Amino acid sequence: LAISNYDINTFSQKDKGNDNGMATKIQYVNEVKVLRSIKEGLNLQMSADYEFVQQKFKPLERLRNVEFNRDWSLPFNALAADEHLVRTSLQLADKKENRLKYDITSYNRSDNYQGVRQSVSNYINTNGWRLTNEFNLTNFSYNGEKGSFLRPSFNIAKQLSQLSNISVGGSFSAEHNKIQNKVYDTLTPLSFAFNTLQFYIKSDEAKLNKWGITWFTRTNKFPEKDKLISADKSNNFSFFTELMKNENHQLKLNLIYRKLAIKNSLLTQQKADESLLGKVEYAVNEWKGLLNGSFLYEVGAGQEQKREYTFIEVPAGQGEYTWNDYNNNNIPELNEFEIAVFQDQRKYIRVFTPTNQYVKANYVQFNYSVEINPKSILNPKNTNGIKNFISRFNTNSSLQINKKDLSGGVFQFNPFSKKLVDTTLILLNSFLSNTLYFNRSSIKWGVDITHRLSNNKSLLTYGFESRKLRDLSLRGRWNINKNFTTSLTNKFIKNELSTPKFANRNYFINEFSLEPQAGYIYKSNVRVSLIYNIDKKQNTIGLKEEAINNAITADLRYNVLSNSTINSRFTFNNISYTGDANTTVGYIILDGLLPGKNFLWNIELTKRLAGNIELNLQYEGRKPGSTRIINTGRASLRALL
């Protein structure tokens, strides 16, 4: 027995009649030994139960299984009602777990739904063959509709011990859901049917190295007047293998091929098609850690949905984009939103909206991450000369490619085959990073060189949008002693945006920056840094805007006892700029600031309370050019679990 009190308006005395709800369930089970003269150990189990759930009852957790409404052909969002379920069952079983069961259930709701479900299931294990069968039939009546839901399934499998425990098996399953209009005796659009036939062979699943092959066919049926007619049929082949026995080399492979044939083009929008899905994962750790890496390769085909997007205003600081009214018409337009530089400018989020426009697409994904560490086999303490020099090097490289292009009737296997400007390209997200370190583990000094390249292209309703960013940086560090540290960073950047629909947004910016830095550390409490940065940016297309930015930054970090930290920063930017600042290019080149003198400052306090509660207070201020001072304050409290 369960009673719930669900008060949707706790502080009001009105409408209290629907707060309380009740549910109850009673069950009787009896088990006896039967047919001893025929077979010893046969048990007959008889059960009966009744369940009542009031419409006003609100359970704390899910009361029904996920498929409950579907089992009874009820809508997914069916409203609550008074429910009565009466079930009886008989089961005959032996000591070897062979069993035969019959079950009948009556389900009635206060919204005029009436249904009866009958189920017969059995399990047989004889001579190593395992047979699992189930037959369900539901008949129902609901308002102006009636129907039946038939679901049979048959499975047979055997493990062949004489062939290294290879398993073979097959199955058949089907669903036949007919929903008829009581007046016109025609099938409703929710009627549907399919049947699936499958055979498989696979190796022993207990072994680390294993494989399997599966074939299955599926036929879908859709309503036409008072019948369910076959609309399409597919043949599917799949293969998988896992080679996990070798700890240094591990491989996983999955491959699925499907061929779809259309039997009645009037019942389906699909077309005859061939599709392929494949995925390969490989991990390597060789030569005592000298080479360590992972690889992922995935191919497939399917329908790509065109997308359109809008910008929605949110509270300041909770978004990602800022709106700049470039044409001064007070109307937010798609080509006037930029990724915000400062927290207070983040007032908009970009929301993608699905459309009903599709294109046939192939996709391929390729990722790798590789690290080479000579130090793992060359110990600097025991080597001299060239070996000592080589052991100081360390390098890592990573690549991520996710690409979709228009299908030309053939599958796409090569992730490197298309360029960013190719018109058949629908989506491209790629990121390449290579870093070479020298003396990385030294606390005294070190040098590293990093090259990054990212390409992004997406298909939107108004056309393509392409972005490309290349970054080459050189960094050296020298710790004079435990108190004084220095570093020098040099960057070369190329930043490109191409949007044929909005020509005013296009740019190709070359950037050069040099940043020396000096720091002083006092014990573990205080860290002070002084940074100088000279940055030059030039747009090589359009109006060829140009900016030179000289910036000086002072940074202070102070640890108060062991549970509080104060961070503060002050930056002075002096920017000389040629061009129109109130444009997309101007916003990008100026980093959200204005030509002339710009001041930025912030202070942040982080304090740990009661062990796992962290309080964070932040204040930011800036004065861009000749405009007024902008102040921003934030506070947050979080629990560390």
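Modeller: Helices (H or I, at least four residues) and strands (E, at least two) are DSSP runs, numbered from the N terminus. This is a predicted model, so local features need pLDDT of at least 70 and side-chain atom pairs count only at pLDDT 80 or more, while totals for chains, interfaces and linings use all residues. Residues are numbered from 1 along each chain as its sequence is written, and side-chain values use heavy atoms, with hydrogens and water left out.

Colleague: Which strands each supply at least two residues of the nonpolar patch?

Modeller: The patch covers about 890 Å² of surface and takes in Trp445, Val447, Trp478, Ile480, Phe484, Tyr520, Tyr522, Val528, Leu556 and Tyr558. Patch members have over 30% relative accessible area (Shrake-Rupley, 1.4 Å probe) and no salt bridge, nonpolar side chains (Val, Leu, Ile, Met, Phe, Trp, Tyr) being joined within 5 Å and like charges within 9 Å. The strands that each give at least two residues are strand 21 (445-460), strand 24 (507-522) and strand 26 (546-560).

Colleague: Is Leu556 buried, exposed or something in between, and what is its relative accessibility?

Modeller: Leu556 sits in strand 26, and it's one of the patch residues. Buried means under 20% relative accessible area and exposed over 50%, with partly exposed in between. Leu556 counts as partly exposed because its relative accessibility is 35%.

Colleague: What volume does the second largest pocket have?

Modeller: A pocket is an open set of 1 Å grid points with protein on both sides within 12 Å along at least five of seven lines, for a 1.4 Å probe, and lining residues have an atom within 4 Å of a point. Probe spheres set on those points fill the volume. For the second largest pocket, that comes to about 980 Å³.

Colleague: Of the 36 residues that line the second largest pocket, which are the closest to its centre?

Modeller: Helix 1 (68-71), strand 5 (99-109), strand 7 (129-142), strand 8 (145-160) and strand 9 (166-181) each put at least two residues into the lining. Closest to the centre are Phe68, Asn69, Pro75, Phe76 and Ala78.

Colleague: How far apart are the closest N and O atoms of Arg64 and Glu83?

Modeller: A salt bridge needs a side-chain nitrogen of Lys or Arg within 4 Å of a carboxyl oxygen of Asp or Glu, and the total here is 23. Arg64 and Glu83 form one, with a closest N to O distance of 2.9 Å. Arg64 is in the loop between strand 3 (43-53) and helix 1 while Glu83 is in strand 4 (residues 83-93), so this bridge ties together parts 19 residues apart in sequence. Both residues are buried, and the distance you asked for is 2.9 Å.

Colleague: What is the phi of Asn127?

Modeller: Asn127 lies in the loop between strand 6 (113-126) and strand 7. With a relative accessible area of 69%, Asn127 is exposed. Asn127 isn't a glycine, yet its phi is positive, at about 55°.

Technical notes:
Buried means under 20% relative accessible area, exposed over 50%, partly exposed in between (1.4 Å probe, protein chains only).
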